[in-house]
Every structure is written in C-alpha cells, then in structure tokens.
Amino acid sequence: MESLTGGFVPGTVPSSWFLAIAVIVGVIAALVMDWPMSRQPEGFTPAYIAAGVLTRTPTDSVRFRTAMLAHHLAGGLAGLLYALVALGVDQVTPGLSPAVGIALHAHLIGVVAVVGFIYAFFAHLVLPRAGGRPYEEQATAVRGQWLRSALVYGLTVLVLVPAVVLSVAG
C-alpha cells in the first residue's frame, strides 16, 4: 500500500483513499456541528445565510432543507480542503513527524488551516455578502456562533481522520 508520501509504509492509506476519507469525515463533522448550532441563540442562521448567498435567495426565503444541504456540502468541501493541505504539507516535509497513518504535523496544520479558512470565509466574505438583518443586527453574534461551530468541526476532524485512517489501514 502506498503512503501519503509515496513509499510503502504499514499503517497508511493511498492518497486517493485519504482524500475520500477526509471528504466523508468532513460531512460527518458538519453533521456533528448541527447539535451545537441547534443549541445556540442564533440557531442555524449561518447555514441559512450560506444557502441564501449560494442560491441568491433572501435568507428569510431559504428552506431548512436547502440550508442543511448547503451546510453539509460545505462540510465535505472543507474536508477536501483539509486533505489537500495535509497532503501538500506532507509532500513538502516528508517523514518529519510520522504518526498514526498520517504525519502528525501535516494533520495538525491541515486542521488549523481548514478551521481558519471556514471561519474567515464565512465571517468575512459570505456574511457581508448576505447583508440584511443578520449582517446589520447580528453580525457579531453570528460570527461568534460560526467560530464555535468551526472549532467543533475542527475537533471532529482532528479525532476522526486518524481513527478512520487507522481502521482502514489496519
């Protein structure tokens, strides 16, 4: 089996498997985010805002199903971004910190990069584009909620990716 760095290393998976695992874990992490989002005062407002911007629909007119679809699809894409960052870091610095199926430093940099990106992208690009009441009256609260949700996403990826890689690489 080929490792992320190209050679045969027991306990690793091919890069294509790693990409698939990261996308699936990204969707799972978005599903995990649903629970804390539902418990916060702003609820699923970030998902409605993102779906509204994507569909060019006013936030108040977005249906729950559309908001959830956009949210979970974004989770999968964020998982792909995590994997590309981790693979890129691993290619640049092979063997620096071998760990459980993936290089520890590449995994940590990938998680930090994706959490930072999804927060900054939503808080400073998507939210202002949405405009309207959520932006004018609730921007700080919505950004704070999104930061907490992004951290839940990152924690889920931090734990699940190595666990799944280990179970698949067995």
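Among the contacts in the chain (heavy atoms within 4.5 Å) with a separation of 6 or more, 69% are accounted for by residues 24 or more positions apart. The model is predicted, so local features need pLDDT of at least 70 and side-chain atom pairs count only at pLDDT 80 or more, while totals for chains, interfaces and linings use all residues. Residues are numbered from 1 along each chain as its sequence is written, and side-chain values use heavy atoms, with hydrogens and water left out.

**Fold**
- The chain holds 5 helices and 0 strands, where helices (H or I, at least four residues) and strands (E, at least two) are DSSP runs numbered from the N terminus.
- Along the sequence this reads as α-α-α-α-α.

**Burial and core**
- Of the 170 residues, 46% are buried, that is, under 20% relative accessible area, with exposed meaning over 50% and partly exposed in between (1.4 Å probe, protein chains only).
- The largest nonpolar core has 41 residues, and F18, Y82, Y153, V157 and V161 touch the most other members; such a core is a set of buried Ala, Val, Leu, Ile, Met, Phe, Trp, Tyr and Cys residues joined through side-chain atoms within 4.5 Å.
- Two or more residues of this core come from each of helix 1 (15-39), helix 2 (45-55), helix 3 (64-92), helix 4 (104-130) and helix 5 (132-169).

**Surface**
- L155 lies in helix 5 and is exposed, with a relative accessible area of 52%.
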